[in-house]
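Biologist: I have a model open and some side-chain questions. Can we go through them?

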Amino acid sequence: MNLSRPKINALLALALFTFAFLAAEFRFDINVGLLAGAERVVIAQGFILGASVLGFIGYAPLLGLAQRKGHSLAAANAAVPIAILGLTQIQSPTAPLALEILGCIAFFGLGLLGAAAHHAFSLAFRDDPKLATGAGAAYAAGILMQFAVNLLNCGGIAELIVLGTATIAISALSAALQNTDTAANPAINPFVEPSHALAKQACWSIALVMILACLFSTLDNVVTLSNAHGTIAVQAWPRLFLAASGLAAGLIFDLAERRYMGLVMLGIAVLSTISILAVEAGADPNLGLVVFYLSSGFFVTFFTATFTQLATRMHAPALWAGMGRAANNACAFTTAGISLALVTSGNVALIMIGALVLLVAACAAFVAAGLFRLPQTEQERKHQQLAEEALAAPTVEEQRQAFIANHALTPREVDVLIAVTRDERPLKQVAEELGISMRMVQRHLSSIYQKTDTQTRAGLTKAFPSA
C-alpha cells in the first residue's frame, strides 16, 4: 500500500473512531448494568446507537452549512465538545436517566466524528486498489487500541482523558484532509450525474447491511446467552481474533480489484447461519464464538469498503461514506431487542427459521445490489476493450468535418468535394446538380487537389472519409 500523508491521516482517524466508539459503548454498557440492571442494557444500548445514527446522517448537512459559511472545519470541530460532554457523564454516572441522556449526547457527537472520519477515508482512498485493506487495517488498529486500554484497566479520569484526546485527534485528522481543498471535497457534489442504477445499488446496499446486521446480531445474542449461562467464557483473546479477521478481510476483499468481495461476504453469512443452526442444535457454543468474531471483522470491513468506494460517485459523498456504519447501528437500534427476545425464548425451531429467512433475504439483497461481479475472462476483457475503443472512435461525420477543417475548404469547395466523391458521375452532371458552370467545378476541384495534396479524383475519394 502506497501510504501518503493524507492516507495515514485517514487511517488514523478511522482507527481512533473505532477505538473511541467501542470503548465508550463498553463503558456505557457496564455502568448501565450497575445502575439499572442487566435487563436495561439492551434497551439503553439501542438508544445510544440510534443517537449515533442521527450523528452520521446529520454530518453532511452540517458540513454543507459550514462550507457555505466559509468555515469548513466547524462541522468536525463542533462534534468534539458534544462527545466529550457526554463521555464525562458516562465515566461518572449519577443516575440511570442522566446516564442514558448524556450517553445519547456522547454518541450523537461520536456519530458526527465517525461520519467525518469515513468521509476523510473515502477522499484519501478514492480509486485506491487497497481501499478494503485500509478499511480492515484501521478497524484492526482500533480494536487493538481498545484491547490495550482494557489490558491496562484504565477507567475513570484516565479513560476519559484517553477518549477525549481520541475525539480531538479524529476531528483534527479528518478536518486536515478536507481542508486541503474544500472546493474539491464538497459535502454536496454538483458535478455528479444522477443515476437510477447507482441509486438502486446504494439503497440495496443499505438493505443488505441491515439484513446482515440482523443475522450477526442473532449470532451475537446466541454467544452472549451461552456466556451468561457459563457455557463459554468470553475473555480478552477474542478481541485479538476480531482484529485479525478485520485485517484478513481487507486483504482478501482486495483480490481481483474487489470483484470477489460480495461472494466472500456471502460465504461468511452462510457460515454464520450454519453456526447459529449448529449451536441451537446442540453443538459446542465455542463454535458460535469463533464464527461470530470471524464474521464481525469481515462484516465491518465489508460495509466500510462498500460505502466509502460508493460515496465518491454519489451526489452527497459526506453522507454516504459512513452510511454502512449508520445502517448497521440503525438495525441494532431497531431489532436488537427482538433478536434477544427470540434467542432467550428458547424456541429453537423459530430461531433456526429466522436465521434461514435472513440468509435468503441477504442473498436477494446481494444480487439486487450488484455485488456478484465475477472477474472477466480474457475474451470478455478484449470484447469490452474493443467496444470502448469503438465508442471512443470519431464517427464518419466527425472525421469528415475534421478533414474539411484541417484543409480549410470553403463552403462551395465542400459542396464540390461531397458531390465528386459520392460516385463517379461526370463533372458536367455535378455542375448541373450544383447549379454552377463546368469551368467553376473544375476550378474548385483544382483548389481542393492543392489543399488536400491529392492529384486525382480517385485519390481525393480515398482521402475523404466515406459515409
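Biologist: Which residue forms a salt bridge with D254?
Modeller: R258 does, and the closest N and O atoms are 3.1 Å apart. A salt bridge here is a side-chain nitrogen of Lys or Arg within 4 Å of a carboxyl oxygen of Asp or Glu. This is a predicted model, where local features need pLDDT of at least 70, side-chain atom pairs count only at pLDDT 80 or more, and totals for chains, interfaces and linings use all residues. Residues are numbered from 1 along each chain as its sequence is written, and side-chain values use heavy atoms, with hydrogens and water left out.

Biologist: Is D254 buried or exposed?
Modeller: D254 is buried, at 7% relative accessible area. R258 is buried too, at 12%. Buried means under 20% relative accessible area, exposed means over 50%, and partly exposed is in between (1.4 Å probe, protein chains only).

Biologist: Where is R258?
Modeller: R258 sits in the loop between α8 and α9. Helices (H or I, at least four residues) and strands (E, at least two) are DSSP runs, numbered from the N terminus. R258 has a positive phi of about 60 degrees, although it is not a glycine.

Biologist: What about E257?
Modeller: E257 also has a positive phi, near 60 degrees, and is a residue other than glycine. E257 is in the loop between α8 (237-253) and α9 (261-280). E257 is exposed, with 58% relative accessible area.

Biologist: Back to salt bridges. How many are there?
Modeller: The count is nine salt bridges. One of them joins R412 and D415, at 3.6 Å from N to O.

Biologist: How far apart are R412 and D415 in the helix?
Modeller: They are three residues apart in helix α16 (residues 411-422), so about one helical turn separates them. R412 is partly exposed at 32% relative accessibility. D415 is partly exposed at 34%.

Biologist: And which residue does R425 pair with, E433 or another?
Modeller: R425 and E433 meet in a salt bridge, at 2.1 Å from N to O. Salt bridges that share partners join R422, D423, R425 and E433 into one network. R425 is buried at 14% relative accessibility, whereas E433 is partly exposed at 41%.

Biologist: Change of topic. How many disulfides are there?
Modeller: The count is zero. A disulfide is called when a pair of cysteine sulfur atoms lies within 2.5 Å. In general, a disulfide is a covalent bond between the sulfur atoms of two cysteines.

Biologist: Are C104 and C363 buried or partly exposed?
Modeller: C104 is partly exposed, at 22% relative accessible area. C363 is partly exposed as well, at 29%.

Biologist: Now the surface. Which residues form a nonpolar patch?
Modeller: F26, I30, L34 and L35 form one, with about 350 Å² of accessible area together. Patches are made of residues with over 30% relative accessible area and no salt bridge; like charges are joined within 9 Å, and nonpolar side chains (Val, Leu, Ile, Met, Phe, Trp, Tyr) within 5 Å. The areas come from the Shrake-Rupley method with a 1.4 Å probe, and for residues only the protein chains shown count as cover.

Biologist: Where does L35 lie?
Modeller: L35 lies in helix α1 (residues 5-36). L35 is partly exposed, at 36% relative accessibility.

Biologist: What span should α1 have?
Modeller: At 1.5 Å a residue, its 32 residues should span 46 Å, and the end C-alpha atoms are 46 Å apart, which agrees. The expected span is 1.5 Å times one less than the number of residues.

Biologist: And what follows α1?
Modeller: G37 does, with a positive phi near 95 degrees.
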